[in-house]
Amino acid sequence: MLHARLEPVYDNVVQRNRGETEFHQAVREVLESIGPVIDKHPEYADQKIIERICEPERQITFRVPWEDDRGEVHINRGFRVEFNSALGPYKGGLRFHPSVYQGIVKFLGFEQIFKNALTGLPIGGGKGGSDFDPKGRSDREIMRFCQSFMTELHRHIGEYIDVPAGDIGVGGREIGYLFGQYKRITNRYESGVLTGKHLSFGGARVRTEATGYGCAFFVQEMLAARGESFEGKQVVVSGSGNVAIYTMEKVHQLGGTVVACSDSSGYVHDENGIDVELVKQLKEVERTRIAAYAERRPGAKFVSDRSVWEVPCQVAMPSATQNELGADDATALIANGCIAVGEGANMPTTPEAVRNFQEAGVAFGPGKAANAGGVATSALEMQQNASRDSWSFEFTEQRLEQIMKDVHARCYATAEEYGMPGNYVAGANINGFTNVADAMLRLGLI
Ligand code: NDP
């Protein structure tokens, strides 16, 4: 249910952004939480803060022409949505995946505003990407695509303007090619213009691990708030990309056992605990399918075209993509004794599934809070670049863990303050929103 003052706002968003269903879903999810805030602070509605937040400050769409190894020309579409810079330069990743279009980039950019605000660090919200499909492409093709993408994007970004990073399909290799081209075109060694860089040219320790580690830290806090821990728990993680791999690594360090992970072709079930080093070898080095895991690991089995959420577990950590965990999956997880869900991915759980979890009393940590460790560590990378410094792994990980504890505490306390104890969705949305709204009020009509 939406607050009466928010219904027309939502209707207007749907009308003005036709067909962008993921964006509508992300806006609705935030608006459903902030009704009580409008009652307490009518000035936000009077000053049309919500309408302003729902309209990106700037949206850029561009042509990305490139040539494959056989000399054939391809045309992709590039996007950058600079959503909100009330708290700092636009900050958010780039996604290369065939499903990318304006509605996906806007949903991700919108979520990013509140996530970044929740970290307590000085970063605004943005997101970008392309409908380019990196699967099966050679290194040289990836490089040529990244160079063409940056040839346009460089005009719009900068360490004080907009600082992209990785997301689905954009990891360390792509960030390297993008930074190389930025440096070449601008003739500036501007380390702070991109994050997720390799250590040899201004990258930060723990950035690769940050989103997954951070998500595990967040779930650890949710469990602790209920007098529980990862110790002895069976955990299922979806995906086998950057977020999934480092979620699994940290869960194991914290005493849990990850028994299944997946990719878009199916899942692997390994009752002895997923061998994370093998997944790294398959996904980071060989760039192959997760089915290969079962071929190399005795006792593990591969299941194609079924949902990984049918595997029994006490903790579920969806870490692949949006809307990958639906109402039926939630029902199955609850029936199997799941007590906590931490979203490593952005909006992986459908609204119906979120309701199912909440009604069943499952601790549910939304991506905005649970996966904020990635962008928080990106902000730490910007801090190191600005001071030309380089911190140790241990120090950076301690900072990350503290940030995640603080994010959890903010969500928890805000949910209590607004009479919804244990509701991390409300806590995250309200805390993120009020941080941005207060800054916008003070900045005048912008
Ligand atoms: P990667 O590209 O490294 O991995 C993505 C994983 O998800 C792969 O296993 C991929 O399988 C799977 N996947 C992607 N799309 C689909 C799909 N349509 N259906 C089924 N499986 C799919 O991406 P990341 O790990 O970086 O990102 C994962 C999620 O985490 C995304 O939602 C992203 O927005 C979010 N996130 C990432 C952050 C980061 O720091 N990287 C920060 C915060 C959030 P396959 O290879 O078969 O496609």
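Start by selecting D167 and the ligand: a polar side-chain atom of D167 sits 2.6 Å from a ligand oxygen atom, a polar contact being a pair of N or O atoms within 3.5 Å. Before moving on, note that this is a predicted model, in which local features need pLDDT of at least 70, side-chain atom pairs count only at pLDDT 80 or more, and totals for chains, interfaces and linings use all residues. Residues are numbered from 1 along each chain as its sequence is written, and side-chain values use heavy atoms, without hydrogens and water.

Next, pick T211, where a side-chain N or O atom is 2.7 Å from an oxygen atom of the ligand. Of the 890 Å² that the ligand exposes when taken alone, the protein buries 82% (Shrake-Rupley accessible areas, 1.4 Å probe).

Now show the whole shell of 24 residues around the ligand, each with a heavy atom within 4 Å of it. Colour by class and you will find four nonpolar, 14 polar and six charged residues, with Gly counted among the polar ones.

For the last stop, display the open five-stranded sheet, ordered β1-β2-β4-β3-β5 with mixed pairing; strands are DSSP E runs of at least two residues, and two of them pair if DSSP finds at least two bridges between them. β1 (58-67) and β5 (162-165) are at the edges with a single partner strand each, so one side of each has no neighbour in the sheet. Finally, select β2 (73-84) and β4 (125-130), an antiparallel pair joined over six bridges, and find E82 opposite G126 in β4.

Conventions
A polar contact is a pair of N or O atoms within 3.5 Å; within protein, one must be able to donate a hydrogen and the other to accept it, and residues adjacent in sequence count only if both atoms are side-chain atoms. Helices (H or I, at least four residues) and strands (E, at least two) are DSSP runs, numbered from the N terminus.
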